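Biologist: I have the fold open on my screen and would like to talk through how it is put together. Could you take me through the sheets and then the pocket?

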Amino acid sequence: MRIATYNVNGVNGRLPVLLRWLAETVPDVVCLQELKAPQEKFPEAAIHNAGYGAIWHGQKSWNGVAILARGCMPVETRRGLPGDPDDSQSRYLEAAVTGVLVGGLYLPNGNPRPGPKFDYKLRWFDRLVEHAAGLVGMDAPVVIAGDYNVMPTDRDVYKPERWRDDALFAPEVRAAYFRMLDQGWTDALRALHPDETIYTFWDYFRNAYARNAGLRIDHLLLNARASKALKAAEVDAHVRGWEKTSDHAPVWIELDL
């Protein structure tokens, strides 16, 4: 079973890229982030014609997450994280797909730091960690995938000294990520590629992709049941080189279930 995460940076504007990638790789489950489309503007027909059922949580201009499942409809189990009933941002969606529980997330960027956006990021991360604590011990495989907007270590960022004051590399944010790992979650890419330079995001500016000046901010975290089934984890970095593409590349895992 191939499960992927992809920050599409505008699902309608990047739809040809998304459909090309789906046809090329045929993943079983896909978590999408940054739809940047209201609920009624999600391209459901095009996704359906590509062979995927979909659920989505849209928002005009910003945010937005979706879960796609090949040949079936994801069974939604949660929309939005618990812990803040006033949070109106579309950042978390959870569904069961053929025996696997999949959480798709778009964690806040948090810049500028310090400030209210950074405070919101920390509160949101705390809510995620608390929710994840209730999922990690499930007997079923659980995967929480998405754009976490955090580089966990110096190895996950090109020239880390330039990012010390950024909200994506703040000590508090990295600590929250490791609090989640300490619950028993496995970082799939690092589990199989512990020492490699791996990036999932390259800025549009300064020829970043060609120079491989990137960040690893898109992660798939696995509970013990899913981790035992992990056979592969890779980044489709070549997709970042396509025309009119996102600044992120798709990241995927293979589970032998």
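Biologist: What is the strand order in the open sheet that has β12 in it?

Modeller: Keeping in mind that this is a predicted model, the order is β5-β6-β7-β8-β12-β9, which makes an open sheet of six strands with mixed pairing. The edges are taken by β5 (75-79) and β9 (186-187), and each has a single partner strand, so one side of each is left without a neighbour in the sheet.

Biologist: How many bridges hold β9 to β12?

Modeller: Two bridges, with β9 and β12 (residues 218-222) pairing in the antiparallel sense; on the residue level, D187 has L221 in β12 as its bridge partner.

Biologist: Which strands do α3 and α4 lie across?

Modeller: Helix α3 lies across β5, β6 (92-97), β7 (100-106) and β8 (142-147), and runs at about 25° to β6. Helix α4, which covers residues 171-182, lies across β8, β9 and β12, and its angle to β12 is about 25°.

Biologist: Switching to the sheet with β1 in it, what is the order there?

Modeller: That one is also an open sheet of six strands with mixed pairing, and its order is β3-β4-β2-β1-β14-β13. Its edge strands, β3 (52-57) and β13 (230-235), each pair on one side only, and neighbouring strands in this sheet are turned by 15° against each other on average, if direction is ignored.

Biologist: And β1 with β2, parallel or antiparallel?

Modeller: They run parallel, with five bridges joining β1 (residues 2-7) to β2 (residues 29-33), and within β2 it is L32 that Y6 stands opposite. Helix α1 (residues 15-25) lies across β1, β2, β3 and β4 (65-70), running at about 165° to β1.

Biologist: Now the pocket: what volume does the largest one have?

Modeller: The largest pocket comes to about 840 Å³. It is lined by 36 residues, of which N109, N111, N149, L168 and F201 are the closest to its centre. The elements that give two or more residues to this lining are α3 (116-133), β10 (201-202), α6 (208-211) and β11 (214-215).

Biologist: How many of the lining residues are nonpolar, polar or charged?

Modeller: By class, the lining has 14 nonpolar, 11 polar and 11 charged residues.

Biologist: Last one, for the chain as a whole: how many helices and strands are there?

Modeller: The chain has seven helices and 14 strands. Its radius of gyration is 17 Å, close to the 18 Å that the globule rule gives for 257 residues, so the chain is as compact as a globular protein of that length.

Definitions and conventions: Residues numbered from 1 in each chain as written. Predicted model: local features only at pLDDT ≥ 70, side-chain atom pairs only at ≥ 80, totals over all residues. Heavy atoms only, no water. 1 Å grid on protein atoms, 1.4 Å probe; cavity = no way out; pocket = protein on both sides within 12 Å on 5 of 7 lines; lining within 4 Å. Points joined across faces, edges and corners; volume = space filled by probe spheres on them. Helix = DSSP H or I, 4+ residues; strand = E, 2+ residues; numbered from the N terminus. Nonpolar A, V, L, I, M, F, W, Y, C, P; charged D, E, K, R; others polar. Pairing = 2+ DSSP bridges. Contact = heavy atoms within 4.5 Å. Axes fitted to C-alpha atoms, helices over the stretch in contact; angles between N-to-C directions. Rg over C-alpha atoms; globule rule 2.2 N^0.38 Å.
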